[in-house]
Amino acid sequence: MTTQPGAAVPHGEVRGLHRAIGEGGGSAMARLAIGAMGVVFGDIGTSPLYALRDTFAGRHRLPLDSLHIHGIVSLMFWSMLIMVTLKYVIIMMRADNRGEGGSLALLALINREGTERRWGKGIILLGVLATALFYGDAMITPAVSVMGAIEGVAVYRPELRYAVLPLVVVILIVLFLLQSRGTARLAAFFGPVMLVYFATIAVLGVISIATHPQVMAALSPHYAIVMFVSDPWRGFLAMGAAVLAVTGAEALYADMGHFGRLPIRLSWLTVVLPALVLNYLGQAALLLRSHDALVSPFYLLAPNWFQWPLLILASLAAIIASQAVISGVFSVTQQAIQLGFIPRMTIRHTSLAAGQIYIPAINQALLVAVLLLVLVFKQSTNLTATYGVAVTAAMLIDNVLLAVVMFRIWHWKPLLAVPLLALFFAVDGLYLAANLTKVPDGGWVPLLMGTVVFILLTTWSRGRALMRKTMTTSGMPLEVFTKSAHSSAIRVPGTAVFMASASAGVPSALLHNMKHNKVLHDRIVLMTVLIEDTPFVDPATRAAVTEFGNGFYRLKLRFGFLEETDVPGALKLLTLGGEPFDMMRTSFFLSRQTLLPSDTPGMALWREKLFSWMLRNSASAMEFFRLPTNRVVELGAQIKI
């Protein structure tokens, strides 16, 4: 799955550790590097559980001979070098949005700094599509990781194979139920556990390689080329399973904001990549010695006395990988809400750490989707047939976004950029084409989910834009309103804050209040909350105030797309008209719009109805902006778009 930001170290702490590193604190870098192993590499780290096995035992089986074993290991190794190391670790991680990574952060960066405006709409749609595919793939990782690990029970004790499915279901249910409690304490153990896991699989690989050292020759690209030349069609189909070795590569980029570029690179190059390569080589050596080991070359690497400890360790690694994915879904959803692609949802902060959030609606939906996958597909081999389509499509989209960054922001010379992009497009394109052959066997699942999410994201974004346009068109200029309202309404003590989505005109809530109540507070604040394309906003520049006289003010509050929109907290730091904000003397007026679908050009009628349903079910602005519940007044309005 595309894993995106997970539960990790607070943003400010990361910056502090980076300063410590700059001052010679190497232990800070080591802590971040170990922490990255627990969040960033969970998905790609658990791939050895099933990746090599499914190239020979999956839907498109390869002959279990020396040619194909050496060829597949060579393919996996060079895919990790090109797709993960070169593309994401070395190049993509340079494209950060104020330290943050991921498709949405990259999209915001392009939107803010790109100079080619005519590319805007198409690039935005591609970024949204990549995010939608992320959701389509997010439900697969917990299912395949946990099931792939627990199936080790049946490998060691075949008579217990009927217990695998119930055990997987129980583990997943418990995992999702624990999300509401937060993972701050557990996160401290993620990194060390994964460090032990990577060290273990590396040692097991080395022991197996020692019995058949000739397998080291598979590191040469020659073997991958020979396999494709000798058996091109089967080699092409095998790429659909070989891609499992690089799934999770985009997490390197997405989690950059939590750990920083250097710790992730350090973890990958010094621990994770060597451990994965050694384990795959060890599995290949085992298969060359005994074809019977194909039932699970990962688990059968272990000697008899270490089989159950390996099962426990691999299960912990799978749970950690699933936790990282779930946390990533929460974080990406928060970003999408802030950037206006998803309706407001209830977000609970489970700790002071960045990324430590819980979104009940997303947690419930993801649990249902994961359980359905487990119960329908029943085995990890069947689940891997659904895996890879969305990942490779998202990776291909990343190439397009990277091309825009290279040419329009970094201003790279074509002589350098074109060959790299051609290599990335060729490799990712081949992998996507190979994975499309899995669509009839289950690859349609993430594609269907991604399509549904894409429709929802674009419908909400388009609907909000049309609604704002309608409200702005029908609104009254504030200058005109202040002059007429001041002389025709009774003024009452206190402050009234009218939330306005547009930074011009008069909010409908204020017009309705005047129409029905015919009173105005002594201090009227028209407040617009703006979400910037940067992850964090300098508190010194958060507020911008314009005074219109007669006690009227327009206030703009700016938040980064990773910040919590704590409106009362921001107001307490301001003074308007010589007076601070007293929450007990401040009333917040909100407009709750009811959408009436119409034949007005803008969106298809079915999308208008869909947008109306999303609007009705979105979380209250009161909760989203953390407004005091006893100081809020909601006034309804009906609009057509």
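A salt bridge is counted where a side-chain nitrogen of Lys or Arg lies within 4 Å of a carboxyl oxygen of Asp or Glu. By this rule there are eight salt bridges. The model is predicted, so local features need pLDDT of at least 70 and side-chain atom pairs count only at pLDDT 80 or more, while totals for chains, interfaces and linings use all residues. Residues are numbered from 1 along each chain as its sequence is written, and side-chain values use heavy atoms, with hydrogens and water left out.

**View 1. The protein chain as a whole.** The secondary structure comprises 27 helices and 10 strands; helices (H or I, at least four residues) and strands (E, at least two) are DSSP runs, numbered from the N terminus. Of the 641 residues in the protein chain, 57% are buried. Buried stands for under 20% relative accessible area, exposed for over 50%, and partly exposed for values in between (1.4 Å probe, protein chains only). The accessible surface of the protein chain is about 25,500 Å², and 63% of this belongs to carbon and sulfur atoms. Accessible areas come from the Shrake-Rupley method with a 1.4 Å probe, and for residues only the protein chains shown count as cover. Among contacts between residues at least 6 apart in sequence, 82% join residues at least 24 apart, a contact being heavy atoms within 4.5 Å.

**View 2. The salt-bridge network of Arg53, Asp54 and Glu151.** These three residues are linked in a network of salt bridges. In the pair Arg53 and Asp54, the closest N and O atoms are 2.9 Å apart. Both of these residues are buried. Arg53 also forms a salt bridge with Glu151, at 3.8 Å from N to O. Because Glu151 lies in the loop between α8 and α9 (152–156) and Arg53 in helix α4 (residues 51–57), this pair ties together parts that are 98 residues apart in sequence. The relative accessible area is 16% for Glu151, which is buried, and 7% for Arg53.

**View 3. Helix α8 against helix α17.** All 11 of the 11 residues of α8 (residues 140–150) are buried, so this helix is largely enclosed by the rest of the structure. Among the buried residues are Ala143, Val144, Met147 and Gly148. Helix α8 packs with helix α17 (residues 307–338) at an angle of about 175°, with the axes 8 Å apart. Axes are lines fitted to C-alpha atoms, for helices over the stretch in contact, and angles run from 0 to 180 degrees between N-to-C directions. The two helices α8 and α17 are therefore roughly antiparallel. Thr141, Pro142, Ser145, Val146, Ala149 and Ile150 of α8 make the contact with Leu311, Ala314, Ser315, Ala318, Ala321, Ser322 and Val325 of α17. Angles under 35 degrees count as roughly parallel, over 145 as roughly antiparallel, 65 to 115 as roughly perpendicular and the rest as oblique.

View 4. The axes of α10 and helix α18 (residues 360–377) come within 10 Å and cross at roughly 175°, so α10 and α18 are roughly antiparallel. From α10, Leu165, Val168, Val169, Leu172, Ile173 and Phe176 meet residues of α18 including Asn363, Leu366, Val370 and Val374. Val174 also has its place in α10 (residues 164–177) and is partly exposed, with a relative accessible area of 41%. Together with Val170 and Leu178, Val174 forms a nonpolar surface patch with about 230 Å² of accessible area. Patches are made of residues with over 30% relative accessible area and no salt bridge, where like charges are joined within 9 Å and nonpolar side chains (Val, Leu, Ile, Met, Phe, Trp, Tyr) within 5 Å.

**View 5. The salt bridge between Glu532 and Arg558.** The closest N and O atoms of this pair are 3.2 Å apart. Glu532 lies in the loop between β4 (519–531) and β5 (543–549) and Arg558 in strand β6 (residues 552–559), so the pair ties together parts that are 26 residues apart in sequence. Glu532 is partly exposed at 22% relative accessibility, and Arg558 is partly exposed at 25%.

**View 6. The surroundings of Ser208.** Ser208 is in helix α11 (residues 184–211) and counts as buried at 4% relative accessibility. The C-alpha atoms of Ser208 and Leu286 are 6.4 Å apart, while the two residues are 78 apart in sequence. Leaving out residues up to four places away in sequence, Ser208 touches Gly282, Ala285, Leu286, Arg289 and Leu301.
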